[in-house]
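Take a look at the structure first, and then we can go through its helices and cores together.

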Amino acid sequence: MKKKDIKQMLKTEIEQNVPDVLSKVLSTPVKVEEFKKETSPDKKPYFQFRYLYLSLVMCAILVIGIGFFLPGVKSNNVLTPDATNEEYTITTTIGVEDYTANIVTSNLNNVLSISILHNDFVYTLQNANNLTDAITKVINYLQNENALQSNSSITLAVLASINDKTEQSFNEVKTSLQNVLESKGLIDVEIKY
Amino acid sequence: MPKDYVDINTYLVELQNGNIDALASIYLLTKTKVFSTCLAILKDKGLAEDVMQSTYIRVREKINYYQIGTNGYAWITTIARNLSLNEYNKNSKITSTDFTEKEYLLSSENEASFNEMPIFKIAKEVLSNEELEIVMLYVVSGYKHREIAKILKKPLGTILWSYNNSLKKLKKAIKNKEV
């Protein structure tokens with residue numbers, strides 16, 4: 001038997017068995033319903049406000065999310081926040097007599113490492129929260145070692161991984177160093193560049 | 001729009017305007033579609049007849065809700081389908097504890113009605129509910145696959161695949177019965 005025959009047979013047998021219900025339907029008393037709109041007027045604002053609230057909540061979540069992940073707005077950025085998203089490293093070298101301190105930072109304020117070289121030995125200092133903190137730690141160390149006095153001379157060198165950033169970074173570091181030295185009363189210290 | 005659709009639209013509009021005679025014309029145009037829709041879901045001739053009657057009563061009650069220009073066949077079939085599904089769900093929650101009643105339902109009237117429809121009897125045995133509905137809507141009601149997809153709210157691909165698969169199953173089952 002072909003599919004076509006099966007379809008035809010099925011159709012015929014159903015058609016032959018369709019019951020006649022018309023007379024019953026016509027004899028049944030029916031109340032025809034008046035057409036009414038499905039949504040009542042007081043329901044409409046509810047839906048509008050519901051979506052408005054939802055949109056506001058979504059916007060708030062989005063704004064908080066963007067704010068959280070944006071670089072340059074972290075709480076430990078005490079100095080000038082970096083407005084660009086570009087990442088770069090800065091190596092700050094502070095030289096006093098035969099001591100050489102190296103502070104490596106990412107984007108100026110995120111301190112990666114602090115190390116001090118003296119007599120072929122390298123001393124690694126505990127990490128700092130920001131550049132000023134790192135410079136303070138270095139100055140403290142040098143004072144403890146009696147390497148830094150009020151009439152000392154400091155050599156400062158700053159190198160950024162992006163050339164354009166070197167000058168700006170140098171000024172920031174210099175200001176920070178001067179502030180630290182002033183706060184410690186070391187106002188006569190000469191800074192060489 | 002096909003001529004049939006225009007006709008059913010005209011009669012539905014007439015019924016909206018209060019002409020009760022239009023119901024007879026609507027009935028003649030749709031009775032096979034409505035009955036096959038009910039039968040495909042309920043798989044019981046008696047129940048299908050009851051729901052068929054309810055469908056036309058509902059059409060009369062809700063005629064003012066029919067939107068002029070839309071597919072009248074689909075509107076009536078949807079009513080029939082919803083009423084059948086309600087009836088099916090209602091019956092599936094009832095468990096008969098009267099064995100004589102069960103035997104009666106299984107053997108006498110019900111069985112006799114299906115002896116008059118041997119192909120449908122095989123179809124309801126081998127096909128799933130959805131497959132049977134698709135076959136009945138396409139073969140008996142004459143709906144296009146696209147329209148069936150809309151009525152059953154399924155993707156067109158699913159309907160086509162299911163229909164072809166069902167016919168293969170049916171063909172195989174009929175062949176086995178003949179042997």
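What percentage of the 179 residues in chain B do buried residues make up? Buried residues account for 46% of them, where buried means under 20% relative accessible area, exposed over 50% and partly exposed in between, with a 1.4 Å probe and protein chains only.

## About the model

This is a predicted model, in which local features need pLDDT of at least 70 and side-chain atom pairs count only at pLDDT 80 or more, while totals for chains, interfaces and linings use all residues. Residues are numbered from 1 along each chain as its sequence is written, chains are lettered from A and ligands numbered from 1 in the order in which they are written, and side-chain values use heavy atoms, with hydrogens and water left out.

## Chain B at a glance

Chain B has 10 helices and 0 strands; these are DSSP runs numbered from the N terminus, with helices being H or I of at least four residues and strands E of at least two. Contact here means heavy atoms within 4.5 Å. Among contacts in chain B between residues at least 6 apart in sequence, 64% join residues at least 24 apart.

## The nonpolar cores

A nonpolar core is a set of buried Ala, Val, Leu, Ile, Met, Phe, Trp, Tyr and Cys residues joined through side-chain atoms within 4.5 Å. The largest one holds 59 residues, and Leu10(A), Ile14(A) and Met136(B) touch the most other members. Helix α2 (residues 22–42) of chain B gives the most to this core, with 10 residues. Domain 1 (1–96) and domain 2 (117–179) of chain B both give residues to this core, so it lies between them; the domain bounds come from an automatic or database domain assignment.

Leaving aside residues up to four places away in sequence, Leu10(A) touches Ile119(B), Phe120(B), Val135(B), Met136(B), Val139(B) and Val140(B). A second, separate core of 34 residues includes Ile114(A), Ile116(A), Leu131(A) and Val138(A).

The axes of helix α1 (residues 3–16) of chain A and helix α7 (residues 118–126) of chain B come within 8 Å and cross at roughly 110 degrees. Axes are lines fitted to C-alpha atoms, for helices over the stretch in contact, and angles run from 0 to 180 degrees between N-to-C directions. α1(A) and α7(B) are therefore roughly perpendicular to each other, a label for angles of 65 to 115 degrees. On the α1(A) side, Ile6(A), Met9(A), Leu10(A), Glu13(A) and Ile14(A) meet Pro118(B), Ile119(B) and Phe120(B) in α7(B).

Methods: Angles under 35 degrees count as roughly parallel, over 145 as roughly antiparallel, 65 to 115 as roughly perpendicular and the rest as oblique.
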